[in-house]
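Colleague: I would like to go through a chain and learn how its features are read. Please start with a single residue and widen the view from there.

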Amino acid sequence: MFSLLLRLIAGFAAGSVSCFLLPVRLPFHFPEFIMGLALFPGRSFLGMVFFTVSFILHASLLKEAALNGLKLLKKEGNILASIISFCVFLNFFLLAQFGAWQTAGLACFSAVYSLSSSFLHRQQPKRAH
């Protein structure tokens, strides 16, 4: 449970730093965005690193939320762990206050990664010992 809480806080922190380091200005102009990446490579690289860390942490939380939700339906799960794992949606809402477009990208990447990692985990054959 402490691990869930730590991933929740770290994912929010990394996502908020990513929103500040990779700003999106409206109306969006692609050449202006590329120039910003080229002129500030350190800021861009750090923003991408924090984005990657955040989407991996959020993906693991989404996967936990789905698993805990299924366990709750079967009346087998821990309700406190489920509440903490479902706080990932609150995380996305709070991050949307800092940057809606960055959060939308983060949510999409996290959902796809959590679904694919869950699917791959189920498809791995059992090893004989």
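**Reading a predicted model**

Modeller: Arg7 has its place in helix H1, residues 2-21. Keep in mind that this is a predicted model.

Colleague: Which residues does Arg7 touch, leaving out those up to four places away in sequence?

Modeller: A contact is read from heavy atoms within 4.5 Å. On that basis Arg7 touches Leu57, Ser60, Leu61 and Glu64.

Colleague: Is Arg7 buried or exposed, and what is the nearest side chain of opposite charge?

Modeller: Buried means under 20% relative accessible area. Arg7 is buried, and Glu64 is the nearest side chain of opposite charge, 4.4 Å away. A salt bridge needs a side-chain nitrogen of Lys or Arg within 4 Å of a carboxyl oxygen of Asp or Glu. Arg7 has no salt bridge.

Colleague: Where is Ser60 found, and what does its side chain reach?

Modeller: Ser60 is in helix H3, residues 41-73. The side chain of Ser60 reaches the backbone oxygen of Leu57 at 2.8 Å.

Colleague: How is Leu80 classed?

Modeller: Leu80 lies in helix H4. Leu80 counts as partly exposed because its relative accessible area is 43%.

Colleague: How many helices and strands does the protein chain have?

Modeller: The protein chain has 6 helices and 0 strands. Read from the N terminus, the elements run α-α-α-α-α-α. The C-alpha atoms fill a box of roughly 50 × 35 × 25 Å along the principal axes.

Colleague: What share of the contacts joins residues 24 or more positions apart?

Modeller: Taking contacts in the protein chain with a separation of 6 or more, such residues account for 77%. Of the 129 residues, 29% count as buried. The accessible surface comes to about 8,900 Å², and 74% of that belongs to carbon and sulfur atoms.

Note on methods: Residues are numbered from 1 along each chain as its sequence is written. This is a predicted model: local features need pLDDT of at least 70, side-chain atom pairs count only at pLDDT 80 or more; totals for chains, interfaces and linings use all residues. Side-chain values use heavy atoms; hydrogens and water are left out. Helices (H or I, at least four residues) and strands (E, at least two) are DSSP runs, numbered from the N terminus. Buried means under 20% relative accessible area, exposed over 50%, partly exposed in between (1.4 Å probe, protein chains only). Lys and Arg count as positive and Asp and Glu as negative; His and the chain ends are not counted. A polar contact is a pair of N or O atoms within 3.5 Å; within protein, one must be able to donate a hydrogen and the other to accept it, and residues adjacent in sequence count only if both atoms are side-chain atoms. Accessible areas come from the Shrake-Rupley method with a 1.4 Å probe; for residues, only the protein chains shown count as cover.
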